[in-house]
Structures are given as C-alpha cells and as structure tokens.
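Let's take a walk through this model together. Have a look at the sequence and the 3D view first, and then read on.

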Amino acid sequence: MISFVRAQEIVMECARVLDSEEVALSESLHRILAEDIRSDIDMPPFDKSAMDGYACRRADLDRELAVIEIIQAGTSPTKTVGERQCAKIMTGAMLPEGADCVVMIEYTEEVREGVVRFTGASTRDNICRRSEDIREGDVVLERGERIAPPHVAVLATVGCVRPRVYRKARVGIIATGDELVEPGERPGPSQIRTSNSCQLYAQALDADTLPTYYGIARDTAASLDGALKRAMAENDVVLLSGGVSKGDFDLVPGIMTQNGIEILFDSIAMKPGKPTTFGVSPTVYCFGLPGNPVSTFIQFEILVKPFLYKLMGHDFRPTHSMLPLASRLEPKRVDRETWLPVRITPDGRVEPGAYHGSAHINALCEADGLIVLPVGAGVFEEGTLVRVRPLQ
Ligand code: AMP
Ligand code: MG
C-alpha cells in the first residue's frame, strides 16, 4: 500500500502528452493550447477614444471649442485638432492629431451650433494608447492554457482562427459486476443499477475528454477480458469500476495483467478508494477504480482527472482554500487518511453534512469540496480552519 501522494506521483510520471491538431476557433472552447500564441498586431492598433465625446487639447478645457469634424469608429480623422478646436468622436474611433484628451459627452454642452464647452471640473484623458494592452509579437496565450471564453476573445483578436490544441484523450469506461443492470432497467432482487458508468462518463466529459462506454462486464474472466480488449483497442485510457477488492469475484487486476498491463500499484492508504489500481501497457493507461460510487467519484476527481489533463498538456491544479468549520467535527477512528465530502455554506464555512461512507450515492450531490483528515485525527472544534479542495 502506498500513500496517495506517491500514487499521484506514479500516475503523473507515466503521463505522456498526446499529439496535437488544429481546430476551428468556434470549436476551441475547453481545448488545451499546444502552442504559444503571438499577436500579429498591437492592441489597441492606434490611439483610440475610450468614450463618446469630444477630442481636444487639455489646455483648452476652459474655452469654447469649435467642432471641426465627426469621427466615427472605423473611420480615420481627416483634420488636426488645433487651438480652441475639437472633434466629436465615438468610442473606439481613432484619436485625431493634436488632441490629448477626450471629454465625455455627458460633461459638455452645446453653446451654439458647432461650438461646445466642457462643463466638468476635470477629466481623465479617456484615451486607450496604441499597444498598451498587447504589442505585436507578444505571446498572448501560452501552451497548456485551457481555452475559456476570454481566451477565445484573445485568439480572435490576434487572428488565430485555427488554434493548435492537444488531441482529446479517448477514455473507455467499463462497469463490472454480476449485480449490475443498466439504468433503464428495473433491478431484480439482489441487483442494482450501474451508476458508476454514467458518473464516470459524465466526469470524463467534464474533464474535456472523449469517453466511450463499453457496458457492464460480468465477473467472469471471459466477459472482463472481452470488454477490456475492446476498450484497450480504441482508447488512450481505460477506466474500470469494481472488481478490484479482495472478494472471490474481484478479477480485474488479473485480467489487466493478462492483457499486458503492468500494474504499478494496487492499493492506496486512504479512504475512500483503498483498492484503486493503476497500470500501463505500451498503448494504454488503465485504472481499476473501486466499485463504490463515492470512491469512484473521488478517485477520478483527485487521481484520474489531473492525469487526463496532463495527457492533454494541461497542468490541472484546483485552487484550495482554508475555510472555518461551521460545526464541531468528531470523526470516528481515522486509521487511514480520509477524504470527506463537504458543503460550503453561503457565508464560506465548511459543513461536513451527512456521509455514511463510500456507498452513500447521494452524499456528493450537495458537496462543494473535499477535506482531508490525517491518520489519528481527533476532534476539530467549530471555527477550525480546514483546507478545502474544491469540486466544480
Ligand atoms: P466491488 O469492488 O466490485 O466489490 O464493488 C463494491 C461495491 O460497489 C459493491 O457494493 C458494488 O455493488 C458496488 N458497485 C460496483 N460497481 C458499481 C457500479 N457500476 N455502479 C454502482 N455501484 C457499483
Ligand atoms: Mg464487483
């Protein structure tokens, strides 16, 4: 049995970044950049007005100003603003020569036709200077960035319409267990519906990968072997759930080995998820996740997800926060490092909530984060600061 930190190291050390492809900008959301993006232009590309108003000389602010032209966004000024002159200018339009500030239209009045006056006490320049945001040639986005809507805007601005991104990891998902039926069926006596398959599929989608579901493998060598072979042939990563504990029908590790997967660990000193198994073959990475749904969920979240992102060239590091406990926490015997789902109250306190253990299927619906109790942890008084690992 190894520590969770060691398990994480092993998994991350194995991850080799996948190849890359170009995608249309409109398809780039949540993809991961495989190249640094440089700007082909300055931004702004010219000194531009930040306001609708009048471009003039600051020295003339207390004078009446003759309006010499109207400058619309998308047109270039044709005149130089001289003494006691101004140009009416729209937001985003090019600043005319001679002007050193723009007064907001709201702080002006028309004295008579074609003549305006500044009515404010003082004004900012209201000018966005050429290249103050981006210089031509600057790296505006770095390789490894996960593309979010603001990144799409930057890509558009610099004309990168086909960004190069890492290929999505293909993830094959197999449920195992003789007691399982598909969610569309009514379980017979002694059966349950598979929830892990759907949960893992959803988690894999959420982690920006391409999941494929291979159905329920029965607890027989033949059934497991068939499903694993199919999944191995078509994926970068295979996730199995169940069949990795110490029961008579927990055949998954043996079938992994039989298929050329070298097992690098088969248990982690933590709760939940002790029997979590990981192995590699020349072509796939394979996780044997525990059957209990909370274990599967948590192991995917803390172990598999950062790994999948590493395959796709992204350093996934959720921001932890230190928050006070909303109530006293008195854990039962903590003989293994324990990860607990918690809720974060609207005022930012941590509430452990009802949690009956790793089979408690609905315990995670309310959870906003996870906290870790070290071995031997005793009582935590209300208000104690705990480190919370967020769940989206
Ligand atoms: P196992 O590790 O196969 O012994 O499974 C541990 C527990 O998780 C058992 O109670 C299983 O019925 C349950 N379980 C296994 N696979 C799933 C699944 N796909 N969905 C929901 N529960 C499961
Ligand atoms: Mg089983």
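What follows looks at the ligand and its surroundings, and then at the salt bridges.

Two notes on reading the model come first. This is a predicted model, in which local features need pLDDT of at least 70 and side-chain atom pairs count only at pLDDT 80 or more, while totals for chains, interfaces and linings use all residues. Residues are numbered from 1 along each chain as its sequence is written, chains are lettered from A and ligands numbered from 1 in the order in which they are written, and side-chain values use heavy atoms, with hydrogens and water left out.

Let's begin with the ligand. Ligand 1 is surrounded by 15 residues, each with a heavy atom within 4 Å of the ligand. The closest of them are Glu 179, Thr 194, Ser 195, Gly 243 and Gly 291. Sorted by class, this shell has 10 polar, three nonpolar and two charged residues; here Asp, Glu, Lys and Arg count as charged, Ala, Val, Leu, Ile, Met, Phe, Trp, Tyr, Cys and Pro as nonpolar, and the others, Gly among them, as polar.

Some contacts can be followed atom by atom. An N or O atom in the side chain of Glu 179 lies 2.5 Å from an oxygen atom of ligand 1. Backbone atoms take part too: a polar one of Ser 195 is 3.0 Å from a nitrogen atom of the ligand, and a polar one of Asn 292 is 3.2 Å from a ligand oxygen atom. Taken alone, ligand 1 exposes 490 Å², and the protein buries 78% of that (areas by the Shrake-Rupley method with a 1.4 Å probe).

Now for the salt bridges. The structure holds 24 of them, each a side-chain nitrogen of Lys or Arg within 4 Å of a carboxyl oxygen of Asp or Glu. One joins Arg 317 to Asp 315, with the closest N and O atoms 2.7 Å apart. Arg 317 counts as exposed because its relative accessibility is 65%, whereas Asp 315, at 47%, counts as partly exposed. For these words, buried means under 20% relative accessible area, exposed over 50%, and partly exposed in between (1.4 Å probe, protein chains only).

Another salt bridge pairs Arg 328 with Glu 330, at 3.4 Å between the closest N and O atoms. Here Arg 328 is partly exposed at 45% and Glu 330 is exposed at 54%. Finally, Asp 19, Arg 167, Arg 170 and Asp 236 are linked in a network of salt bridges.

Notes: A polar contact is a pair of N or O atoms within 3.5 Å; within protein, one must be able to donate a hydrogen and the other to accept it, and residues adjacent in sequence count only if both atoms are side-chain atoms.
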